[in-house]
Amino acid sequence: MKKVFGLLSLLLSATLAIANPIDFDKAFKESATIEKQIKKTSFPNRTYLITDFGAKPDTQDAPCHEAINRAIVTCSLDGGGTVIVSKGTFHTGPITLKSNVNFHVEEGAVLKFSTDQSLYFPAVITRWEGIDCYNAHPLIYAYGETNIAITGKGTIDGQGSNETWWSMCGAPKYGWKEGMVAQRNGGRERLLMYGEASVPIYKRIMKPEDGMRPQLINLYSCHTVLIEDVTLLNSPFWVIHPLFCESLIVRGVHVFNRGPNGDGCDPESCKKRTDRELHFRYGRRLHRHQIGPQPGRTHLEHPQRKYHRAQLLHEERSWRRSHRQRNLRRIPQSVRRELPHGQFRPRPRHPHQDQHLPRRID
């Protein structure tokens, strides 16, 4: 029976493909037009060495993220330039990019991010698998910044492994054991519940004990962005996650990740972007483009997305009718008791309604 259904599906797909042939010439012309509209980054000819701000190599017990962030803030306040990570191995915690800063990791330089989860809290606003929330600070993060870049031939290592971040997925093959912190212990289910019930975003605050791993690079609502040439290793979760970004270029990046949910590049709800010469090894997904959140999971949307909104609404309503009860059954009874009856219908909202949301929750 399964073979019959599979054959029918293939025949239906082939019929639809013949009935609606793709005009590749037109598609490439449209993509070339979009590419011409992308704004390019530009930085003043000023350089700032992180070592001048107190960063020292090979200090595993004393991460130097405060020195790196001071260099970035100083560079931005001075009008912009390039912050340089010179040759050597630098241990760091979370890094926050600012406008008009090119964060340049030189060839031979290695940034190793601490696996001390406490360094990545207080939580910041982000998305986790399509659901808006406050979660652990991504290893490299920017919120509402303009003209920013991550460049260079150096290496950015998230230090994900079965002994650190990856076990939080809750799968024994990634090192999880009974009693360890993991998303399977209720954190992920509660976040699903928040999305289904349209709980206000400022109340969706995830904590270290929820085991919700951070992205390696998360750029939220940024304009004019370049990520070029860097090598990205061992991300705790998704590797490159631009969200609500415009004029985005990802070029010549090498990604090596064998961990769970190790998506290489996930542009989500972005406008005017191009990805070229990306190199991926391993990972659950190499690259995917998300036009927005999964239906029923959240209510924010880029205000200028050029997609067929009517079709998306039709698909979303169909999805809700067929899957709402299934998703409700997936949420533990102990969590479902927190919800008043009848609240499993997300309300569409515009991002401008939530501009009052703070970047992070202390």
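View 1. Take the contacts in the chain between residues at least 6 apart in sequence: 67% of them join residues at least 24 apart. (Contact here means heavy atoms within 4.5 Å.) This is a predicted model, where local features need pLDDT of at least 70 and side-chain atom pairs count only at pLDDT 80 or more, while totals for chains, interfaces and linings use all residues. Residues are numbered from 1 along each chain as its sequence is written, and side-chain values use heavy atoms, with hydrogens and water left out. The chain has 6 helices and 20 strands; these are DSSP runs numbered from the N terminus, helices being H or I with at least four residues and strands being E with at least two. Of its 362 residues, 50% are buried. (Buried means under 20% relative accessible area, exposed over 50%, and partly exposed in between, with a 1.4 Å probe and protein chains only.)

**View 2. Strand 10 and its two parallel partners.** Strand 5 (residues 101–105) runs parallel to strand 10, joined by 4 bridges. (Two strands count as paired if DSSP finds at least two bridges between them.) Look for V101, whose bridge partner in strand 10 is I148. Strand 13 (residues 223–228) also pairs with strand 10 in the parallel sense, over 4 bridges, and here I150 stands opposite I227.

**View 3. Two residues with a positive phi.** Most residues other than glycine have a negative phi. N147, which sits in strand 10, has a positive phi of about 60 degrees. N147 is also buried, with a relative accessible area of 10%. E129 isn't a glycine either, yet its phi is about 50 degrees. You'll find E129 in the loop between strand 7 and strand 8 (131–135), buried at a relative accessible area of 12%.

**View 4. A cis peptide bond at P122.** Most peptide bonds are trans. The one joining F121 and P122 is cis, with omega about 15 degrees. P122 belongs to the loop between strand 6 (109–113) and strand 7 (123–128).

View 5. Just after helix 4 comes S198, with a positive phi of about 55 degrees.
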